[in-house]
Amino acid sequence: MLGYFLLILGIILSSILFKGNKQLLFMFIAIAIFSSIRYGIGYDYYSYLEECSGLKHNENNELIPYLMQELSKETIPFLFFFLSSFFISYFYYLGIKKAGVDYLLCTMFYIAFPFLFMNQLGIIRQGMATSLVFCAIALRHSKLSIRIALLITAFFCHQSAIVGFLILLPFEKFSRKFLWVLFALGFISATIIVPVIQMFVGFGFLGEEGTRKATSYLSEEGLSEGQLMKYLIYIIAIIILANYSKLVKFNKENKYYIGLIIFGVAIYALFSFNISLGKRLGMFFFSPAIFVVPQLFKIMRIPKTVYLMICIILFSLTIYVGSGNHRDEDPPGCSVTYPYRTIFDVL
């Protein structure tokens, strides 16, 4: 647990010792170092390590992570985690620097919420893509060519980022009533669609192997980590919508951010039959919560210390829930999230 404690301490100390952009810079240096020297932390960590060590064929088609992995294969396998960690941290840093109201509160939410930092330690390629889409969201008043360039680059990190081009839609024009309806439709559609899909699969039209895979795909909802994430996302969405007018009055940019968040939550609800798929698609649009949630706490006049404690508790809970997930490569007593290990433990 020492590594996680040092990460939180590094962020808090950076907020105390520095002000302005330097504060944010040093917080993300701490985050980048923490994630770049980790070992075994993140569900797909060992899979990436095997590819970078040449023990497994590189199955990734996206250009940017492919080049990182090939470079790591020719030099040091752990180089991939260094490059990808600083890549992700850099674009989250740029996004928060551009649109964050309170750097410490934004950074702590990014660290604490299971949809974001800890999740992206596992799905690295998509973490890279999400960081670029997040940056494009934060730069919404920049030249369109810059935003499109970021989105294209995101696609070359993970092909699912093609949905990220939807951030160019005028979400700020979506009314509060429309967003409530969109939120509700996510649940209703999932309730209607899933039984229809299950019935279709049951007919056996997909063949024995296809039916087996589809059945497995439709039954992934029971993961405890996914359940925790689901309830958190829904609760945050409801509270944000309930305080919509106050948030927009506090910062007019929140119209656009809230539209994106609710759209992301609706997608997540729609694909709730498969936590992994819902998470991978929804995260592209949920990331503006990094800006909105800290403002929500300010509007609700919740003390900063209480906010920080909630973030630390949520961060700890994410680690605890993830610690129950063991892989074949994990030594006895180790898991996806606990204890924190570094590359220096194995060199």
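Buried means under 20% relative accessible area, exposed means over 50%, and partly exposed is in between, using a 1.4 Å probe and protein chains only. By that rule Arg-140, at 19% relative accessibility, counts as buried.

First, what we are looking at. This is a predicted model, in which local features need pLDDT of at least 70 and side-chain atom pairs count only at pLDDT 80 or more, while totals for chains, interfaces and linings use all residues. Residues are numbered from 1 along each chain as its sequence is written, and side-chain values use heavy atoms, with hydrogens and water left out.

Now the salt bridges. The term stands for a side-chain nitrogen of Lys or Arg within 4 Å of a carboxyl oxygen of Asp or Glu. How many does a search of the whole structure find? There are eight salt bridges.

One of them joins Arg-140 to Glu-253, with the closest N and O atoms 2.6 Å apart. Arg-140 lies in the loop between α8 and α9, and Glu-253 in the loop between α13 (244-250) and α14 (254-270), so this pair ties together parts that are 113 residues apart in sequence. The helices here are DSSP runs of H or I with at least four residues, strands are runs of E with at least two, and both are numbered from the N terminus. On the Arg-140 side, α8 covers 124-138 and α9 covers 144-155. Glu-253 is buried, with a relative accessible area of 16%.

The two side chains also make a polar contact of 2.6 Å. That term covers a pair of N or O atoms within 3.5 Å; within protein, one must be able to donate a hydrogen and the other to accept it, and residues adjacent in sequence count only if both atoms are side-chain atoms. What else does Arg-140 touch, leaving out residues up to four places away in sequence? Its contacts (heavy atoms within 4.5 Å) are Arg-147, Glu-172, Glu-253 and Tyr-256.

A second salt bridge is between Glu-62 and Arg-125, at 2.5 Å from N to O. Glu-62 sits in the loop between α3 (45-52) and α4 (63-74), and Arg-125 in helix α8, so the pair ties together parts 63 residues apart in sequence. Glu-62 is buried at 7% relative accessible area, and Arg-125 is buried at 17%.

Next, Lys-73 and Glu-70, whose side chains meet in a salt bridge of 3.2 Å, N to O. Both lie in helix α4, three residues apart, about one turn of the helix. Lys-73 is partly exposed at 31%, and Glu-70 is partly exposed at 22%. There is also a network of salt bridges that links Asp-102, Lys-298 and Lys-304.

On to cysteines. The structure holds zero disulfides (pairs of cysteine sulfur atoms within 2.5 Å). Cys-135 is buried, with a relative accessible area of 1%, and Cys-311 is buried at 6%.

Last, the surface. Leu-2, Phe-5, Leu-6, Leu-9, Leu-13, Ile-16 and Leu-17 make a nonpolar patch of about 710 Å². Patches are made of residues with over 30% relative accessible area and no salt bridge; like charges are joined within 9 Å, and nonpolar side chains (Val, Leu, Ile, Met, Phe, Trp, Tyr) within 5 Å. Accessible areas come from the Shrake-Rupley method with a 1.4 Å probe, and for residues only the protein chains shown count as cover. Is Leu-17 buried or exposed? Leu-17, in helix α1 (residues 2-17), is exposed, with a relative accessible area of 60%.
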